[in-house]
Amino acid sequence: MARIAHLSDMHFGANDPVIVAGTEAWLNEQRPDLIIISGDFTQRARVHQFEAASQYLQRLRGAGHQLLVIPGNHDIPLFDIVRRFAAPLDRYRHYIDDALYPWFENDEIAVLGLNTARSLTFRDGRINKAQLAVLRQRFRAVAASKTRILVTHHPLFAMPIGSGGQLSEAVGHHERAVEAVCEAGVHISLAGHFHRTYAEAARKMVEKAGGSLVIQAGTATSTRLRNDEPQSFNWIETDSYDAVNLQVIVWQDARFTGASRVRYCFNGQDWDRVELDRGVLRRED
């Protein structure tokens, strides 16, 4: 079983240091096989914010954790117009990670990260033909038995973003992205951006979306909350490509604690949802 912690929207510069320390304590206790952080490390892409984010990642790596990270739109300068268009990801690549196509693979999972943040459209995401070619190529050689996971900051699909049923804009070049995800045989699509936890079968959002399960993370440490959701992140356990356990880990009473666990099983057409107990599976070795 692969055990993944999926964090997003850290927003150093608009974060709570106590909650940051809480994520470290929880991760060091649970020891996931992989920590995924799906963008927005900073609030305004300033040097001191990237330095704080870099120190956080260094502490996690120093504790022996394996990480896969991608940038978000807040990691591109907003008010520094020259840097925004001439070198939008220079600070991210210097302080966080130089890889814009990060890849992780072991005996159970294969994970690819793609950057959807763009200079021309600060809030909304885009994905281009070159990235979709990489998506197809990287997963083509992956064994059929492994769970294939795609990580983006912006969700590829239009997502619910409020209690009134409002939907977000889909990522730019959405149709081509969905086609590539289907061809690559992606089983799980992870994203953040909206500070809202959510999970649903992709085919319930788009008719020809294939068989992937879409999982969106809330904000792990930001003080800018939405929809009255507390800080949280996702704990994902994969038995195989067609069986996924999901638990939202929520900041409550000055610590992170697990909410109810849900099991998703793919039946060939859809993902069946079953409630499980609250316990987090612990590593035995």
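Author: Let us begin with Lys146, which counts as buried because its relative accessibility is 14%, under the 20% cut-off for that class. Please keep in mind that this is a predicted model.

Reader: Which residue does the side chain of Lys146 meet in a salt bridge?

Author: The partner is Glu105, and the N to O distance is 2.8 Å. Glu105 belongs to strand β4 (residues 103-105), whereas Lys146 is in the loop between α5 (129-140) and β6 (147-151), so the bridge ties together parts that are 41 residues apart in sequence.

Reader: And Glu105, is that one buried or partly exposed?

Author: Glu105 counts as partly exposed, because its relative accessibility is 35%.

Reader: How many salt bridges are found in the whole structure?

Author: A search of the whole structure gives seven. One of them joins the side chains of Glu183 and Arg136, at 2.5 Å from N to O. This pair links distant parts of the chain, with Glu183 in helix α6 (residues 174-184) and Arg136 in helix α5, 47 residues apart. Arg136 counts as partly exposed, at 24% relative accessibility.

Reader: What about Arg273, which residue does it form a salt bridge with?

Author: Arg273 forms one with Glu275, and their closest N and O atoms are 3.1 Å apart. Arg273 is exposed, because its relative accessible area is 52%, and the cut-off for that class is over 50%. Glu275 has a relative accessible area of 44% and is therefore partly exposed.

Reader: Changing topic: what is the volume of the largest pocket?

Author: Its volume is about 300 Å³. The lining consists of 19 residues, and Arg273 is among those nearest the centre, together with Ala199, Leu246, Val262 and Tyr264.

Reader: Which strands supply at least two residues each to that lining?

Author: They are β8 (198-201), β11 (243-252), β12 (255-266) and β13 (271-275).

Reader: How many of the lining residues are nonpolar, polar and charged?

Author: Ten are nonpolar, five are polar and four are charged.

Reader: Could we look at a helix now? Where is Ser54 placed?

Author: Ser54 is in helix α2, which covers residues 47-62. With a relative accessibility of 11%, Ser54 counts as buried.

Reader: Which residues is it in contact with, leaving aside neighbours within four places in sequence?

Author: Ser54 is in contact with Tyr95 and Ile96.

Reader: And Met205, in which loop is it found?

Author: Met205 is in the loop between β8 and β9 (213-216). At 23% relative accessibility, Met205 counts as partly exposed.

Reader: Finally, the overall picture. How many helices and strands are there in the protein?

Author: The protein has six helices and 13 strands. Its chain has 285 residues, and 54% of them count as buried.

Reader: What share of the contacts joins residues at least 24 apart?

Author: Among contacts between residues at least 6 apart in sequence, the share is 69%.

Reader: And the accessible surface, what does it come to?

Author: It comes to about 12,100 Å², and carbon and sulfur atoms account for 47% of that area.

Definitions and conventions:
Residues numbered from 1 in each chain as written. Predicted model: local features only at pLDDT ≥ 70, side-chain atom pairs only at ≥ 80, totals over all residues. Heavy atoms only, no water. 1 Å grid on protein atoms, 1.4 Å probe; cavity = no way out; pocket = protein on both sides within 12 Å on 5 of 7 lines; lining within 4 Å. Points joined across faces, edges and corners; volume = space filled by probe spheres on them. Helix = DSSP H or I, 4+ residues; strand = E, 2+ residues; numbered from the N terminus. Nonpolar A, V, L, I, M, F, W, Y, C, P; charged D, E, K, R; others polar. Buried < 20%, exposed > 50% of the residue type's maximum accessible area, 1.4 Å probe, protein only. Contact = heavy atoms within 4.5 Å. Areas by Shrake-Rupley, 256 points an atom, 1.4 Å probe, with all protein chains shown as cover. Salt bridge = Lys/Arg side-chain N within 4 Å of Asp/Glu carboxyl O.
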